[in-house]
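Hi,

Here is the structure I promised to pass on to you. Have a look at it first, and then read on for my notes.

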Amino acid sequence: MRSFLHKKGVELSLKTYFVTSLSYMALGLFSSLIIGLIIRTTGQQIPILEFLVPMGQLAMDLMGPAIGVAVAYGLKAPRLVLFSAVITGAAGALLGGGPAGSFIAALIATEIGKLVSQETRLDIIVTPFVTIATGYTVATTIGPVIAGALDYFGQLIMWSVDRQPFVMGILVALLMGLALTAPISSAAIAFMLGLEGLAAGAATVGCAAQMIGFATSSYRENGFSGFVALGIGTSMLQIGNIVKNPLILIPPTVAGIVLAPFATIVFQMVNNPAGAGMGTSGLVGQIMTFTVMGFTWEVAIGVLLLHFIGPAVISLVLSEWLRKVGLIKLGDMKIEQ
């Protein structure tokens, strides 16, 4: 059985299903729902670009197929399985509960499809049929249950933050920030949990603190290009350095913890699932903050202080102190570019 699974490219591991698959799901989300929301919002805010509204809406509507293909691609699916994943992702989104249902349906259908791929002379019929049938079955049975559980958990998190904005805001910012830097997808987590409101605002601050924090504290090693790669790209570029010296996580993590209460209590920053897990990546977290809260000077000041200036200052001060006492050395945060 092991040799058969290996031949088919099926790896039964947590890394495959909770790291690789979620990362590719996030790419599917960004290529459809998130970019579509940005395009639609741009069209809504700028009258001369009103033609962007239906374009963005179309991209958002095709979230399910995009997730299906992205997950199948990430799992190195054969061609017929990959193409059939368009339908499994769509089924999951429509029948199984949004992004979570789409992810689950595509994931299971892809792995089953890989098992039957090129095993019969009727492969062109058998493989897509099995893949689509599996995805549809999952979308109508298992998908809604898991998606419902994730939605309930997300509602519980948001309720907790509303009730205890200080403590729970810190916890959400901490965990989502670490998820963004770790080799898993904070964006996918935010969507599957459906984070909104104050919880999403705290998550955005935690994620932004990781990105801007690492970008600032490692500027002397990585220069301007590294600052952009980390601050607008992803702090995940530091994961190899974190393994070598986990202490480099302290400055951006502390920044997120310190700033979270200001987001939930003082500025009462809110966001939506599209921005909650993105931090400053592509400035999506900030664009979504303005989309939800409105384009005002008060919101702009909150974004500048909590997403950029605050993380930069706190992380720089802490990282310099850690360097002074010898816990962080020059080169510890150098990234490959």
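Predicted model: local features only at pLDDT ≥ 70, side-chain atom pairs only at ≥ 80, totals over all residues.

Let me begin with the domains. The protein chain is split into domain 1, covering 1-153, and domain 2, covering 164-325. Taken over C-alpha atoms, the centres of domain 1 and domain 2 are 28 Å apart. Domain 1 gives 20 residues to the contact, and domain 2 gives 16 residues. How much area do the two domains bury between them? For domain 1 and domain 2 the figure is about 1500 Å², with 84% of it on carbon and sulfur atoms.

With helix α5 (residues 79-95), the axes come within 7 Å and cross at roughly 150°. The crossing of α5 and α6 is right-handed. On the α5 side, the contact is made by Val-81, Thr-88, Gly-89, Gly-92 and Ala-93. The α6 residues facing them include Gly-98, Gly-101, Ser-102, Ala-105 and Ala-106, and also Ala-109, Thr-110, Gly-113 and Lys-114. By class, the contact of α5 with α6 has five nonpolar, eight polar and one charged residues.

With helix α7 (residues 123-140), α6 packs at an angle of about 150°, and the axes are 8 Å apart. Angles over 145 degrees count as roughly antiparallel, so α6 is roughly antiparallel to α7. This crossing of α6 and α7 is right-handed. From α6, the contact involves Ile-104, Ala-105, Ile-108, Ala-109, Ile-112, Gly-113 and Val-116. From α7, the residues are Asp-123, Thr-127, Val-130, Thr-131, Thr-134, Gly-135, Val-138 and Ala-139. Sorted by class, the contact of α6 with α7 has nine nonpolar residues, five polar and one charged.

Ala-100, Gly-101 and Ile-104 of α6 meet Gly-143, Ile-146, Ala-147 and Leu-150 of α8. The contact of α6 with α8 comprises five nonpolar and two polar residues, with no charged ones.

Some α6 residues turn up in two of these lists. Gly-101 is in the contact with α5 and in the contact with α8, while Ile-104 is in the contact with α7 and in the contact with α8.

Most residues other than glycine have a negative phi. Which way does the phi of Gln-268 go, positive or negative? Gln-268 has a positive phi of about 50°, although it is not a glycine, and it sits in the loop between α14 (250-266) and α15 (273-276). Leu-283, also not a glycine, has a positive phi of about 60°. Leu-283 is found in the loop between α15 and α16 (284-293).

Methods:
Residues numbered from 1 in each chain as written. Heavy atoms only, no water. Contact = heavy atoms within 4.5 Å. Helix = DSSP H or I, 4+ residues; strand = E, 2+ residues; numbered from the N terminus. Nonpolar A, V, L, I, M, F, W, Y, C, P; charged D, E, K, R; others polar. Domains from an automatic or database assignment. Buried area = accessible area lost by both parts, 1.4 Å probe. Axes fitted to C-alpha atoms, helices over the stretch in contact; angles between N-to-C directions. Parallel < 35°, antiparallel > 145°, perpendicular 65-115°, else oblique. Left-handed = near helix turned anticlockwise from the far one by under 90°.
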